[in-house]
Amino acid sequence: MFRLIIGNKNTSSWSLRPWLVLKMINEPFEEVVVDLASPDIQAILSSITPAGKVPVLQDKQLTVWDSLAICEYLAECFPGSHLWPSDPAARAIARSMVAEMHSGFSHLRTQMPLDVHGRRKEAQSATLDADIARIVHLWEEQRTRYHLSGPFLFGHFTLADAFFAPVVFRFQSYDVDLPPASRAWVDHMLALPAMQEWAQAAATEINLG
Ligand SMILES: N[C@@H](CCC(=O)N[C@@H](CS)C(=O)NCC(=O)O)C(=O)O
């Protein structure tokens, strides 16, 4: 069985991606949550991976780190789950979106930190607005193109949905206004049992903390 090591569910946006993928493909796994606020966190993380960050996936002797590498590994382990769209053009766009999310949107990350359980006022700045506008444009484009194929960005669930899932929680927490196609996708994501399980665990974490 896989072991997935993740950070606190209320705040660890990178951890949500592979966790959601494993849930969506119904693959059982052992979950280990490390408290990123622990004073010993550096020692704990270094004992798991020299990269010193979560998420980390352990598959027997193999350790895979970085949410993108983990999700790519899962896509290869489970080809029948079609975690990338099968059409090459759609797959190229999905990969571009995932890459843009993985390496970009720094203003969103810093000005709108993940706080799954929190309900905050939307931060205001031109740089944040530009990041939000770009994300909404990406979502609108795919939902307009694939709305007849299913409720996810590319019709069925793909890694693109997993990579933007933390933004779904961010937009809920900060009450970001969305156009109808994006709103429908966000609502669909929020209603997924796996997303609700994550949100519930985030709330429990806060109450225990
Ligand atoms: N690009 C990495 C980023 C991982 C990352 O920054 N993880 C944070 C938690 S969300 C972490 O482990 N922080 C601990 C630290 O930097 O000490 C990924 O996609 O996995």
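View 1. At least two residues of the shell around the ligand come from each of α1, α2 (41–48) and α3; helices (H or I, at least four residues) and strands (E, at least two) are DSSP runs, numbered from the N terminus. This is a predicted model, in which local features need pLDDT of at least 70 and side-chain atom pairs count only at pLDDT 80 or more, while totals for chains, interfaces and linings use all residues. Residues are numbered from 1 along each chain as its sequence is written. Helix α1 gives the largest share of the shell, three residues. Among the 15 residues around the ligand, those that come nearest are S12, W14, K53, D66 and S67 (a residue is near if its C-beta atom, placed from the backbone, lies within 6 Å of the molecule). By class, the shell holds seven nonpolar, six polar and two charged residues (Ala, Val, Leu, Ile, Met, Phe, Trp, Tyr, Cys and Pro count as nonpolar, Asp, Glu, Lys and Arg as charged, and the others, Gly among them, as polar).

**View 2. Helix α1 meets helix α3.** The axes of α1 (residues 13–24) and α3 (residues 67–77) cross at roughly 10° and come within 9 Å (axes are lines fitted to C-alpha atoms, for helices over the stretch in contact, and angles run from 0 to 180 degrees between N-to-C directions). The two helices are therefore roughly parallel, a label for angles under 35 degrees. W14, R17, P18, V21 and L22 of α1 make the contact with S67, I70, C71 and L74 of α3; residues are in contact if their C-beta atoms, placed from the backbone, lie within 7 Å.

View 3. Strand β3 (residues 56–59) runs antiparallel to β4, joined by four bridges; Q58 has T63 of β4 as its bridge partner.

View 4. The domain assignment, automatic or from a database, gives domain 1 (2–80) and domain 2 (84–194). Their C-alpha centres lie 21 Å apart. The contact takes 13 residues from domain 1 and 14 residues from domain 2. On the domain 1 side, α1 supplies the largest share, seven residues.

Technical notes. Angles under 35 degrees count as roughly parallel, over 145 as roughly antiparallel, 65 to 115 as roughly perpendicular and the rest as oblique. Two residues are in contact if their C-beta atoms, placed from the backbone, lie within 7 Å. Two strands pair if DSSP finds at least two bridges between them.
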